[in-house]
Amino acid sequence: MVAFAFSENTVNLAYVFAAVCFVFGIKMLSSPTTARWGNRVSAAGMLVAVAFTLTLAEVDRYWLVAAGLALGAVLGAPAARLVKMTAMPQMVALLNGAGGGAAALVASAEFHRLAPLPGDLPADTLVASLASALIGGVTLSGSIVAFAKLQELVSGRPVTFQHQQAANAAVLAVALLCAVAAGLTEERFWVVPLVGAALVFGVLFVIPIGGADMPVVIAVLNAFSGLSGVAAGFVLDNNALIIGGTLVGASGTLLTLLMARAMGRSVANVVFGAFGQVAVAPGTAATVDGAVRATTPDDVAVMLAYAKRVVIVPGYGLAVAQAQHDVRKLADELERRRVDVRYAIHPVAGRMPGHMNVLLAEANVPYDQLYEMDRINPEFEQVDVALVVGANDVTNPAARNEPGSPIYGMPILDVDHAKSVVVLKRSMNPGFAGIDNPLYADPKTAMLFGDAKVSVAALVDAVKSV
Amino acid sequence: MDAELIGSLTIFALAVFLGFELISRVPTLLHTPLMSGTNAISGIIVVGAILVAGSSDSRLEQTLAFVALVLATINVVGGFLVTDRMLEMFRRRGAEGDE
């Protein structure tokens, strides 16, 4: 169909080029000034890899390939354009699932092709194709469950049942036995129960994990999608796949560790935490009762307008209330009065790693005002007002000084070190972890009750008229 | 073990180190785009899907690879576009577009 066909060597060279593009692309992500071009460099590498693959002589069913590419693009592009920034975790979950599913399917098809060939298959090809089918299957169904939880199609609460861990282990054992059987017999049939068990395991793996722990789950699934790609790379002897998949695996793994650390928990605790969870007796640790001080927008406006340094501490509650733009207006108004305004971003402030930064960037908050936890914490003592909007557990001093607290050990933003604290909160309901926050009873803390968006809008007006 | 496998394992081992080095330099500010961007890179499985879909003579393999091709393309196109959309929003103070 095409007039020319590059040799396999040329195509492999193109894959080397693609891999170099991926490496450079990620390197350019180390600064927000070069990041956008970095992403384009990676995309260019991908385009080259695809284009050269199409020129291979053995690829001759063009209509099928073209239809697949077109259909994928038609489905993927509008989703990328229309998805809301608050829904980014769901989007990434679905994309993880798509990548894992694709790897599982390619590996299964390869096994189907190779298994009946005369002679024994090389052990590495066998192991890699079965591993890819297994990990890819887990990634696909696990991602779909994660998507459903994040999209609130199903309840975000952990789903637990008796003997759950035994059931999970049994399903995983079935999957592994099928893989062994497939490897020893080289019978095509075994891939079907293998993938089936992998899909069931993916569901079982994610359902016991609660909504608040989803950032970790998404990172784990991200790593899995990379690993299934690496395995597929070994099957196809394709270095671009091995390198690309490994980079993704490394990224997913690092982010998983980072997220777990930001929650003050081990990865094992997040993944298996719902099992045998100890119910926290309400009000045992630090009870916050009537001692909180309520305030009014006018009072807060005066505090803010005459402050030198204000730090805004956004939590996911801010995004839920869609108050990002109002917060930015407030910051603009304060900066006009020469107040130094910064944002303190806890690593788990959003629903996935880095999520809050994206939400604020969307509201046109300049990124040099966004401070990560380790950078802002030493500065809180010089801060006049810390304005907490929709954040709770990540500001709870109990994590620092009450060994009995369930969140003890979780790194927090040291909001209580600021000279005064204003907390915008809908009501006195405790946060995700279901525990009281002694910050609210601190004498230097004032509470501004109400919907975050309404409260911030009232603050903007009040500051204007100070 | 054949030479090809040794070569692949070498590349894998080096890529692991390189991956951890590179990723650990990405600031937390950009972790969401990092995730969606690397996610798009994992869509490189698309070349595997093209190879199988385009060259296999078995109906079943073609079908499996076709579905894989659609999924992988969604992964690639959706991943890179959504990452670009996010990175476009990151602006420095006083930069253009900052009302």
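## Salt bridges, sheet and chain interface

The side chains of A:Lys453 and A:Asp326 form a salt bridge, 3.2 Å from N to O. A salt bridge here is a side-chain nitrogen of Lys or Arg within 4 Å of a carboxyl oxygen of Asp or Glu. A:Lys453 sits in helix α17 of chain A and A:Asp326 in helix α13 of chain A, so the pair ties together parts that are 127 residues apart in sequence. Over all chains, the structure holds 18 salt bridges.

This is a predicted model: local features need pLDDT of at least 70, side-chain atom pairs count only at pLDDT 80 or more, and totals for chains, interfaces and linings use all residues. Residues are numbered from 1 along each chain as its sequence is written, chains are lettered from A in the order in which they are written, and side-chain values use heavy atoms, with hydrogens and water left out.

**The sheet of chain A**

Six strands of chain A make an open, parallel sheet in the order β3-β2-β1-β4-β5-β6. Strands are DSSP runs of E with at least two residues; helices are runs of H or I with at least four. Two strands pair if DSSP finds at least two bridges between them. β3(A) and β6(A) each have a single partner strand, so one side of each lacks a neighbour in the sheet. Five bridges join β5(A) to β6(A). A:Leu424 stands opposite A:Leu448 in β6(A).

Contact means heavy atoms within 4.5 Å. Angles run from 0 to 180 degrees between N-to-C directions, with axes fitted to C-alpha atoms, for helices over the stretch in contact.

| Helix | Strands touched or crossed | Angle |
|---|---|---|
| α13(A), residues 324-336 | β1, β2 and β4 of chain A | about 145 degrees with β2(A) |

**Where chain B meets chain A**

In chain B, 83 residues are in contact with 104 residues of chain A. The buried area is about 8,300 Å², with 74% from carbon and sulfur atoms. Buried area is the accessible area (1.4 Å probe) that two parts lose on being put together, summed over both.

Four salt bridges cross this interface. One of them joins the side chains of A:Arg61 and B:Asp57, at 3.3 Å from N to O. On the chain B side, α1, α2, α3 and α4 each supply at least two residues. α4(B) gives the most, with 28 residues.
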